[in-house]
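Q: I would like to learn how to read a protein structure, taking one feature at a time. Could we begin with the place where two chains meet?

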Amino acid sequence: MGAALTRSAQWTAAGHGARALETTPLNEAILKEIIVFVESSIYKHPQEANYVFVEPLEWKTNLDPSAFGSGYVVSETTVKSEEADKNGQPLLFLSVPQIKIRSFGQLSRVLYIAKNTKLKEAQACIEANRNPIAKILGLDYNMINEINEDSSVLTILDKITKDDDPESEIKMKIALLLKQLDLHLLNRSLKNISLEIRLNPGTVKNDIELLKRFSGKGEQTALESIEYTSDYEFSNGCRAPPWRQIQGEICYVLVKPHDAETLCITCSKEGVFLNGGKTDDEGEINYERKGEIYKDLVTLLREKSAIFSENMSQQEVRFNEEQQKEKDQPNEAPEEEAATLHKASTAFRRSALEKKQVSLGRSQMTKRLEPSLNWKTTVDARENKSSLRDTQEEKHGGRLEKSRPSTSPGRAQLIRKSAEKIEEIISESSSESEEDEEPPDHLQESNADLPSEYWQIQKLVKYLKGGNQTATAIALCSMKDFNLAQETCQLAIRDVGGLEVLINLLETDEVKCQIGSLKILKEISHNPQIRRHIVDLGGLPAMLNILDSPHKSLKCLAAETIANVAKFKRAWRAVRRHGGITKLVALLDWRQHSTEAARRSLYEARDGEVARCGALALWSCSKSYANKEAIRRAGGIPLLARLLKTSQESTLIPVVGTLQECASQENYRAAIKAEGIIENLVKNLSSGNEHLQECCAMAICQCAEDEETRDLVRLRGGLKPLASLLSNTDNKQRLAAVTGAIWKCSISKENVTKLREYKAIEALVGLLTDQPEEVLVNAVGALGECCREPEGRVTVRKRGGVQPLVDLLVSTNRALLVNVTKAVGACAVEPESMMMLERWFVPLLVVWSLLSIY
Amino acid sequence: MNRKKLQKLTDSLTKNCKHFNKFEVKCLLNLFYNLVGDVTEWQSVVVGLDRNAFRNILHVTFGMTDDMIMDRVFRGFDKDNDGCITVSEWVHGLSVFLRGTLEEKMKYCFDVFDLNGDGFVSKEEIFHMLKNSLLKQPSEEDPDEGVKDLVEITLKKMDHDHDGKLSFADYEQAVREETLLLEAFGPCLPDPKSQKEFEAQVFKDPNEFNEV
């Protein structure tokens, strides 16, 4: 019954001193069950009823000594039972108000005597003896129960055969009886809980608010819109008119999913269902139920809209991310706790899942169960230990001191165990908070019924674990056939322990298994949670070791997987610490490989491919400052420069990407200039690949802070392709990069002259409307530079650029405003523009007020 | 020792073998005669490696363990089916075994897996080859359940025409999609490491077998 007591019984929330059971129907039900069990023990299990407990159960009773009759030696303040154990100790000893009982028989008699106050006595007993099993059977039995819940029966049976003590057999029977009781209690409480699933205005409101946050236009949202039909909220939280509230209805919502007609939904206490819809003329709602009743809004919408359920699973990640961010804010104390709780509740949910306990109405269930979680996690364990003791001592005025040593081991052990658990949770969450960009663990809590892929993947992982290399290879190939881009499959692999096995396989010297495993890891590492797990499991060092392998395709796969995994701080650090940067840089040295004898083999890839994958991995890693330095020190720049000379777009993109990422460092820019990289960047601006063009433009934008570089861009003829790219406005990212490059280049006067030649100013003016902010910032910045010369100003004015510039003054983007004011200021030097500007005198005032701000 | 004859044999074998150069063929010949051992007999009687000697090589040098597969590899080498691998079978076999193109290796592996040589790898044959591939779980009712499931998985993956057995076309298509399936039912090619070691030992040390 340990499990039932800790899991289901509702203890009062965290606090000091002895915890009390709340008076809830659920607790009452549990207590009643226990009472029935104890009372019936006398005639159902007479032998067991005589068993003497290892330690007495003791609590403060309200029973009067006078209530005890025959079979007891009664004095004024004490009662002793005539029934005694082998050593002559009475099985029941009452010394007002403390009572000690050492057998089920006596327990049931006490309950009999208590009559009406039975429930109170049982409650007091349970409260005072938080771990009754340990006391009844002794510690080792308790351990069995606590640790090995599922196999405990087996273990016990195992023990029985070893132990020939006659008493142990009876102990065993009792252990089994208690186990049965425990199960019974759990089932019972589950029944109680499931009965209580009812919606209330609060939960409905929360649901709707949450969904509102995830609705709107665009692909990523879960819904197009969700609205109440009525703005008026009654004081009880309902929005339904009073005459409908009587029916238990809470509110009505209009939901427009992406892939279906607007749904008019009634939320009532019984559940959520489609109603007859809004009648067009008067806005009245046809209240009649038209569809099935669902347990909540989300379930209904999942059923009705495929896009909703798909997007919702992604939103969950994002939502968690938000929570994570909140957690990272400085005032951590309460939030930290909340996060821990959240963590703990997911952990709990997972354990529930793993044990395959009944999964009905999970979200509600966990909600109901939260009080017990509070008890488990929020209290600092050590404090709890001492405070528990302190307060109890206070309460009992030290009277209990004598018996303390005998009772404390069990309790201390229990507490220590939970302390470990809590420490684990805390350390986990603290390690997480370092990396701001990673969402915490989340479980697909909403899909209670696991998809068939889950079971198939579980089976395959079993074969991976227990198969020889042939079976492993087959299982890997089969696993690869699943849609690994799908989150369900990714998480299924993680949840059944597949990641551990896959990473283990990397450490074997079986090339086929390594290849198969990497192929899978490469795909699933697109998922941020999986990445984090891979790093946690030490996957990065394993992959870095593979980089030393002579097999090129293996190297490629490893590098590509690293490129996917190394997307956050801890991973970057891990790569660097394990010497990964040097190894990855070595991959770039494709000439070195090409000198090797070209040997035909099954597992070979082209040399260029190795370099490409190396560059990909470096690109991912180069987001961290320390890694940029490491790449430079490992001699990466000349190698990257050499790779730039290839004509292979797939290789060029990561190479330029890495360079562009690194160009934020001063010493890189110098090296880039020295290595003659600019020339190649300019050349690739004219390539056919948009992504490559974007990367090159970004790199030029970064490097053009330097005057010499700006000149180089001009001398290498880079301005013309840049200007011509302005005319293609479809790819906004590329446009932002190109305008950025033009802005930085236009800081040099010679460049402005050239740009004018290429009609770039006209094109830039054209970009002042209907563009995303990042394009606007750069375009306006470039115009500001161009307008420093009279010709530029004239062009801007003639092209009608002044008006849109002034319009942009109302923007709220700081960077944009700075650039706009600069540009307008530059234009204002021109008398004619000034005249135009005067027409918008008020905006001009804005300019001045803004200028005074900056 | 008949140097002239050996020279002639080397030349003729080199001509017919596309993956080895003359030096390598010579090394292989040396190794072969070293393994066969009996120098006096080789001119009169058909000389070659018998099944056990060959299996011993596969086991010791290439780390193969599966008896059934090793037998099949022997049959793969022993083209004329006379129970003994002659010198030319040795060189040709190793040519595919060590350096074969994907096509050659597919053909070779398929022949190895086609236990009864009827041109198809049947369900029963797959089961036979995979039956020891999984750790037996004593708790399961049917210890072969996992293996049966594995057979179904491979068939599902490779049996493109759904006739319940693998033709060479099925096998070829599957391997071209996923090279890992080349040795789908058991290792019958040298793993890269032992292959490298073998070649390093045999080809880089021409003097070792010179006394033959």
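A: Let us begin with a definition: buried area is the accessible area that two parts lose on being put together, summed over both. The size of an interface is often given in this way, as the accessible area lost when the parts come together. Please keep in mind throughout that this is a predicted model.

Q: How much area do chain B and chain A bury between them, and what part of it is on carbon and sulfur atoms?
A: Chain B and chain A bury about 2,300 Å² between them, and 63% of this area is on carbon and sulfur atoms. Counted by residues, 30 residues of chain B are in contact with 27 residues of chain A.

Q: How many salt bridges does the rule find across the interface of chain B and chain A?
A: The general idea is that a side-chain nitrogen of Lys or Arg must lie within 4 Å of a carboxyl oxygen of Asp or Glu. By this rule, five salt bridges cross the interface of chain B and chain A. In one of them the side chain of Asp149(B) meets that of Lys459(A), with N and O 3.1 Å apart. The count of residue pairs in polar contact between chain B and chain A is six.

Q: Which elements give two or more residues to the side of chain B that touches chain A?
A: They are helix H6 (102-113), H8 and helix H10 (192-203) of chain B. The largest share of that side, six residues, comes from H8(B).

Q: Where do Lys512(A) and Glu183(B) lie?
A: Lys512(A) forms a salt bridge with Glu183(B), and the closest N and O atoms are 4.0 Å apart. Lys512(A) belongs to helix H22 (residues 511-524) of chain A, whereas Glu183(B) is in the loop between helix H9 (168-177) and H10 of chain B, so the pair joins two chains.

Q: Is Lys512(A) buried or exposed?
A: A residue counts as buried when its relative accessible area is under 20%. Lys512(A) counts as buried because its relative accessibility is 7%, and Glu183(B) is buried too, with a relative accessible area of 6%.

Q: Which residues is Ser133(B) in contact with, leaving aside its neighbours within four places in sequence?
A: Ser133(B) is in contact with Gly466(A), Gly467(A), Asn468(A), Ala471(A) and Leu150(B), once those sequence neighbours are left aside. Ser133(B) sits in the loop between helix H7 (123-130) and helix H8 (145-158) of chain B. Because its relative accessible area is 3%, Ser133(B) is buried. Its side chain reaches the backbone oxygen of Leu130(B) at 2.7 Å.

Q: How many salt bridges does a search of the whole structure find?
A: Over all chains, the search finds 36 salt bridges. Among them is the pair Asp71(B) and Arg51(B), whose closest N and O atoms are 2.9 Å apart. This pair links distant parts of the chain, with Asp71(B) in helix H4 (residues 67-77) of chain B and Arg51(B) in helix H3 (residues 51-62) of chain B, 20 residues apart. Asp71(B) counts as partly exposed at 23% relative accessibility, and Arg51(B) is partly exposed at 31%. In chain A, Lys522(A), Glu560(A), Glu609(A) and Arg612(A) are linked in a network of salt bridges.

Q: In what order do the five strands of the open sheet in chain A come?
A: Strands of a sheet pair through backbone hydrogen bonds, either parallel or antiparallel. Here the order is S1-S5-S4-S3-S2 (chain A), and the pairing is antiparallel. The edge strands are S1 (57-60) and S2 of chain A, each of which pairs on one side only. Neighbouring strands of this sheet are turned by 10° against each other on average, with direction ignored. S2(A) and S3(A) form a hairpin with three residues between them.

Definitions and conventions. Residues are numbered from 1 along each chain as its sequence is written. Chains are lettered from A and ligands numbered from 1 in the order in which they are written. This is a predicted model: local features need pLDDT of at least 70, side-chain atom pairs count only at pLDDT 80 or more; totals for chains, interfaces and linings use all residues. Side-chain values use heavy atoms; hydrogens and water are left out. Two strands pair if DSSP finds at least two bridges between them. Helices (H or I, at least four residues) and strands (E, at least two) are DSSP runs, numbered from the N terminus. Axes are lines fitted to C-alpha atoms, for helices over the stretch in contact, and angles run from 0 to 180 degrees between N-to-C directions. Buried means under 20% relative accessible area, exposed over 50%, partly exposed in between (1.4 Å probe, protein chains only). A polar contact is a pair of N or O atoms within 3.5 Å; within protein, one must be able to donate a hydrogen and the other to accept it, and residues adjacent in sequence count only if both atoms are side-chain atoms. Contact means heavy atoms within 4.5 Å. Buried area is the accessible area (1.4 Å probe) that two parts lose on being put together, summed over both.
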